Amino acid sequence: MRMPLTIAFIVVTVLLAIVVLMQEGKENGLTGTLTGSADTYWSKNKGHSKDAVIKKVTVVLAVLFFGLAIALSSKWVA
């Protein structure tokens with residue numbers, strides 16, 4: 001049981017690193033507000049954008065990562 005969990009842990013770790021690197025930065029702070037670019041159609045519909053999907057995938061992979069890490073560190077896994 002330990003080997004399949006270890007393989008799943010490695011796969012989730014690599015996928016999590018890739019998804020985190022795909023996320024865009026938040027450098028549109030004060031300058032975006034001053035120039036008015038923060039009030040665009042794209043910013044109003046963030047829930048349906050690619051960024052929202054990537055954030056949801058990141059949360060799911062992070063939960064899997066910690067769950068697998070706890071499972072692998074427990075003494076009940078043979």
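Let us begin with the length of helix α1. At 1.5 Å a residue, the 21 residues of α1 should span 30 Å, and the end C-alpha atoms of α1 do lie 30 Å apart, which agrees. The expected span here is 1.5 Å times one less than the number of residues. This is a predicted model, in which local features need pLDDT of at least 70 and side-chain atom pairs count only at pLDDT 80 or more, while totals for chains, interfaces and linings use all residues. Residues are numbered from 1 along each chain as its sequence is written, and side-chain values use heavy atoms, with hydrogens and water left out.

Which residues of α1 are buried? They are Leu5, Val12, Leu16 and Val19, where buried means under 20% relative accessible area and exposed over 50%, with partly exposed in between (1.4 Å probe, protein chains only). These residues cover an arc of only 70° around the axis, which puts them on the same side of α1; the arc is that of the directions from the helix axis to the C-beta atoms. On the other side of α1, Met3, Ile10 and Leu21 are exposed.

Against what do the buried residues of α1 pack? Their partner is α4. Leu72 touches Arg2, Leu5, Thr6 and Phe9, residues up to four places away in sequence not being counted; contact means heavy atoms within 4.5 Å.

Finally, the overall picture. The protein has 4 helices and 0 strands, helices being DSSP runs (H or I, at least four residues) and strands likewise (E, at least two), numbered from the N terminus. Of its 78 residues, 18% count as buried.
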